[in-house]
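Welcome, and thank you for stopping by. Please take a moment with the sequence and the picture below, and then we can walk through them together.

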Amino acid sequence: MHRILIEWFHRDRQVPAGSGPPKNPEPIESAIDGLRPFMRTMQVQLDFREVMLTGEAAQGTDMVKVNGKEVERRIDAADLTGALVDAVLKESARFARWGCGCGPEDMSR
């Protein structure tokens, strides 16, 4: 079975008053939950990992990555769910193209 890792990098959810809305993983988790049954039929497991940014890393904006590739710069973007679904489907197509879940550089080993 192939695996796709979806990571949500964010600052502390406890945002000070006046700093904007609190952070919420719900749109990401909902998209993943919706994709899981379909991806299982393709022998792909979706894993979700939440990473809280601290120190200098917390100065940047929140982001979502699929297998290390950035999907959307702002977590509260209206089209985050669509962008996440597209990224997961593109990543799973890579598995089908190579047959083994590896990239062209791995095929020469």
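Is arginine 49 buried, partly exposed or exposed? With a relative accessibility of 41%, arginine 49 counts as partly exposed. On this scale, buried means under 20% relative accessible area, exposed means over 50%, and partly exposed lies in between, with a 1.4 Å probe and protein chains only. Before we go on, please keep in mind that this is a predicted model, in which local features need pLDDT of at least 70, side-chain atom pairs count only at pLDDT 80 or more, and totals for chains, interfaces and linings use all residues. Residues are numbered from 1 along each chain as its sequence is written, and side-chain values use heavy atoms, with hydrogens and water left out.

Let us begin with the strands. Helices (H or I, at least four residues) and strands (E, at least two) are DSSP runs, numbered from the N terminus. Strands β1 and β2 run parallel and are joined by nine bridges; two strands pair if DSSP finds at least two bridges between them. One of these links takes histidine 10 to its bridge partner in β2, methionine 52. Strand β1 also pairs with β3 (residues 63-66), this time in the antiparallel sense and over four bridges. Here glutamate 7 has lysine 65 of β3 as its bridge partner. As a general point, side chains in a regular strand alternate between the two faces of the sheet.

Now for the charged side chains. The whole structure holds five salt bridges, each being a side-chain nitrogen of Lys or Arg within 4 Å of a carboxyl oxygen of Asp or Glu. In one of them, aspartate 47 meets arginine 3 at 3.7 Å, N to O. Aspartate 47 sits in strand β2 and arginine 3 in strand β1 (residues 2-10), so this pair ties together parts that are 44 residues apart in sequence. Arginine 3 is exposed, at 52% relative accessible area.

Another salt bridge brings us back to arginine 49, whose partner is glutamate 7, with the closest N and O atoms 2.1 Å apart. Glutamate 7 belongs to β1 and arginine 49 to β2, so the pair links parts 42 residues apart in sequence. Glutamate 7 is buried, with a relative accessible area of 8%.

Next, turn to helix α1. Arginine 36 and aspartate 33 both lie in this helix, three residues apart, which is about one turn. They form a salt bridge whose closest N and O atoms are 3.1 Å apart. Arginine 36 is partly exposed at 25% relative accessibility, and aspartate 33 is also partly exposed, at 48%.

What about glutamate 91? This residue lies in helix α2 (residues 80-98) and counts as buried, at 5% relative accessibility. Its side chain makes a polar contact of 2.9 Å with the side chain of arginine 94. Leaving aside neighbours within four places in sequence, glutamate 91 is in contact (heavy atoms within 4.5 Å) with Ile4, Val66, Asn67 and Lys69. A polar contact is a pair of N or O atoms within 3.5 Å; within protein, one must be able to donate a hydrogen and the other to accept it, and residues adjacent in sequence count only if both atoms are side-chain atoms.

Our last stop is methionine 42, in the loop between α1 (26-41) and β2 (44-52). At 33% relative accessibility, methionine 42 is partly exposed.
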